[in-house]
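Subject: Structure handover

Hello,

Here is the structure I said I would pass on. Please look through it first, then read my notes below.

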Amino acid sequence: MTFLQLSRVQKTFGGENVVKGFDLSVERGELVTFLGPSGCGKTTTLRMIAGFETPTRGEIRIDGEDVTSLRANRRNIGMVFQSYALFPNMTVAGNVGFGLRVAGKPAGQIKTRTAEMLALVKLPELAARYPYQLSGGQQQRVSLARALAPSPRILLLDEPLSALDARIRVSLRDEIRSLQRKLGITTIFVTHDQEEALSMSDRIVVMNGGAIEQVGTPGEIYNTPRTRFVASFVGTLNLIDGRIVDDLARTFEIDGQRAVAGRRLDGAKQGDVRTLALRPEALRLGAADEGRNTLRGTIEDVAFLGAVVRLRVRLTQTTIVIDTFNDGSGRLPDRGEPIEVNFAHDDLIVLDAA
Amino acid sequence: MKRSALPAAVATLLGAIYFLAPLVATFEFSLRLKRGEYSFEAYRLVFASGNFQASFLYSTVLALTTIVVSVLIVVPTAYWVQLRLPRLRGLVEFISLSPLVIPAIVLVFGDIKLYGSASFLPLTGSGLGSDTLLMLAYVALSLPYMYRSVDTGLRAIDVRTLTEAAESQGAGALAILVRVILPNIRPAILSGAFLTFAIVIGEFTIASLLNRPAFGPYLQGVGASRAYEPAALAVMAFAITWACMGLIQLLGRSASASAPPR
């Protein structure tokens, strides 16, 4: 059942449309990530859900209730900010219990709930500290505990890991996901980091220029991007122009060589040129067996990256990147060496026509 | 090459002499009431004077009232401007600075004209009304200092995010202002408050023309009729001002002990 519903939500700032006709249904207990570059409208959409911005048009419903014009402090939504936003004048316990104090809960209940929340984020011993006495990771955990303390209907996370260093980011990301699963709380996570989005989400909403490009599970977004933008934004992709030779047989001509795509070519006809996407890790070295595509080219560059060896192969006009695992046994190919690469039909992704 | 500290020391010494010599001379003069010996007789006379106590108490109460009213007006205004109307900041700053360019004499004549006994709101018609008018005039007079201090304090914290964080916790505007914003700009408010106190305690023009028994007119009256007591009062006025400055530093430091280093 849909718990959070955004219908045709639009936001205009000074004549500029920053969110365009945003439609999304989020199930109860789901973690949905808004992924996109700066200025794509993801934070504005999140702020409209929080109640900090009012949509110019459209409707937002939480559990069936229309909250489009409801003030932020009446929505019962927990929010975690990129800059932590802990109250500097309050201790950790004071911060976590703030929402409960504002709600007029009894002191005993506030104390119990605060202790419970601090145990949940594994910081029970820091209750008496002030925010400035904590590390960034600890501050963000306190911020999470504060957001969860009043038992909100929805948890909103606005780039909560961006200000942290890489190691803390990974561990906190896992903790947030595990907490979210444990509490079963409906969560919207905003990030521009594809790795965070892919590793944490039930579904990802990829946004660009104020509009949704694609909604799907991490697997769908990564393996079958629908548009050139999604393909280029999520992971590393080879983007190649291919001319349709046979639309029924899904056969393309790429730099004078033939390749077959796995997906149907909706609305395409012979002679059309479409953008094709190929993941570097989907390519194998050597000639193909029956039922796979083979392309021939020349090695242009070899980069040893430790676990991965990255090859740049020039076909004729086009250059593609190939990632192969370094198993430590084979010799690395030389520059200028002729080479064959193969890949499955399904790995040749045909993007929607722009 | 190590630079000599001598020029800096000489400059500091000259500066100290320039500021301290008149003060030391005034202090020395204030001790010479009794012929042939130094004594605190002038200070004793000042403290023993009923007028001194009454006028000082009057001005102190007035200063405290002015501070409370200033805080109630300035803090929500500066907060609102910072949060919702940043485009109006220039205009509000201009208005807040206007008491610096409008002489007190102009201000008080304007007040008397506007709130005189023949006006729609005849505040000067009663003692309490005149006291209220004087207090409001002082609120206007202290506006540049109070607004600047509070605005600087607000700029030092992330007002928008803290407000949104509190809102998402269910807090309304009043709760946010009282529980989140005010405690975090306490040093700034204290700074504005002590400057206001120092201004109100010594103010002469407005209090005199509104005919109120304030400390400023008392100082002037004593200065016109006595020799040694005005010197003692001047030294005391310096001491009060410096005590205010010291308190700003002290309370600012203790407040920042519970706040992140900025």
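The expected span of a helix is 1.5 Å times one less than its number of residues. Helices (H or I, at least four residues) and strands (E, at least two) are DSSP runs, numbered from the N terminus. This is a predicted model, so local features need pLDDT of at least 70 and side-chain atom pairs count only at pLDDT 80 or more, while totals for chains, interfaces and linings use all residues. Residues are numbered from 1 along each chain as its sequence is written, and chains are lettered from A and ligands numbered from 1 in the order in which they are written.

Chain B, helix H6

Helix H6 of chain B covers residues 127-155, and its 29 residues should span 42 Å. The C-alpha atoms at its ends are 40 Å apart, which agrees. H6(B) has a kink of about 55 degrees at Ser142(B), shortly before the proline Pro144(B). The bend at a residue is the angle between axes fitted to the seven residues ending there and the seven starting there.

Pro122(B) sits in the loop between helix H5 (104-115) and H6 of chain B. Is Pro122(B) buried or exposed? Pro122(B) counts as exposed, because it has 12 C-beta neighbours inside 10 Å (buried means 20 or more other C-beta atoms within 10 Å, exposed 12 or fewer, partly exposed in between, with C-beta atoms placed from the backbone). Leaving out residues up to four places away in sequence, Pro122(B) touches Tyr115(B), Gly116(B) and Ser117(B); contact requires C-beta atoms, placed from the backbone, within 7 Å.

Where the chains meet

The contact takes 21 residues from chain A and 19 residues from chain B. On the chain B side, helix H7 (159-168) and helix H8 (173-184) are the elements that give two or more residues. H7(B) supplies the largest share, 6 residues.

Chain A, strands

Two strands pair if DSSP finds at least two bridges between them. An open sheet of 5 strands in chain A has the order S13-S12-S11-S14-S20, with antiparallel pairing. S13 (257-260) and S20 (349-350) of chain A are at the edges with a single partner strand each, so one side of each has no neighbour in the sheet. S12 (residues 251-254) of chain A is joined to S13(A) by 4 bridges, and Glu253(A) has Arg258(A) as its bridge partner.

Strands S9 (residues 203-208) and S10 (residues 211-216) of chain A pair antiparallel over 5 bridges. They form a hairpin with 2 residues between them, and Gly209(A) in the turn has a positive phi of about 55 degrees.

Regards

How values were computed
Contact = placed C-beta atoms within 7 Å.
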